[in-house]
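Student: Could you take me closely through one part of this model, the nonpolar surface patch, and then place its surroundings in context?

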Amino acid sequence: MSFASAYIEKNTLFPQFIDAKPDAGTGIIVVIPSYGEIGINKVIDSLAEAGEPECRVEVIVVINAPYDALPCSLENN
């Protein structure tokens, strides 16, 4: 087992959320952590406007919040 696999196995707090495997032609996966990101659509639009790669691209937005997040932050998320 690699260092990263061992670390992830030991420190995982929640179950896996995404069960589906990426498409076989996927060459780029972009993960965007998001907490209170009011302009997240600008990030997505910017990615869409970038030059098209020769492979498939998967974009995952990970929406998170601390336990004590304010209701307005949760609503924004």
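Tutor: At 37% relative accessibility, L47 counts as partly exposed, where buried means under 20% relative accessible area, exposed over 50%, and partly exposed in between (1.4 Å probe, protein chains only). The model is a predicted one, in which local features need pLDDT of at least 70, side-chain atom pairs count only at pLDDT 80 or more, and totals for chains, interfaces and linings use all residues. Residues are numbered from 1 along each chain as its sequence is written, and side-chain values use heavy atoms, with hydrogens and water left out.

L47 lies in helix α2, helices (H or I, at least four residues) and strands (E, at least two) being DSSP runs numbered from the N terminus. Together with I28, V43, I44, V57, V59, V61 and I63, L47 forms a nonpolar patch on the surface, with about 560 Å² of accessible area in total. The elements giving two or more residues to this patch are α2 (40–49) and β2 (56–63), and β2 gives the most, with four residues. Patch members have over 30% relative accessible area and no salt bridge, and their nonpolar side chains (Val, Leu, Ile, Met, Phe, Trp, Tyr) are joined within 5 Å, whereas like charges are joined within 9 Å; the areas come from the Shrake-Rupley method with a 1.4 Å probe, only the protein chains shown counting as cover for residues.

Strand β2 also holds R56, which is linked to D23 in the loop between α1 (3–11) and β1 (26–34), 33 residues apart. The side chains of R56 and D23 meet in a salt bridge at 3.2 Å, N to O, the term meaning a side-chain nitrogen of Lys or Arg within 4 Å of a carboxyl oxygen of Asp or Glu. R56 is exposed at 51%, while D23 is partly exposed at 43%.
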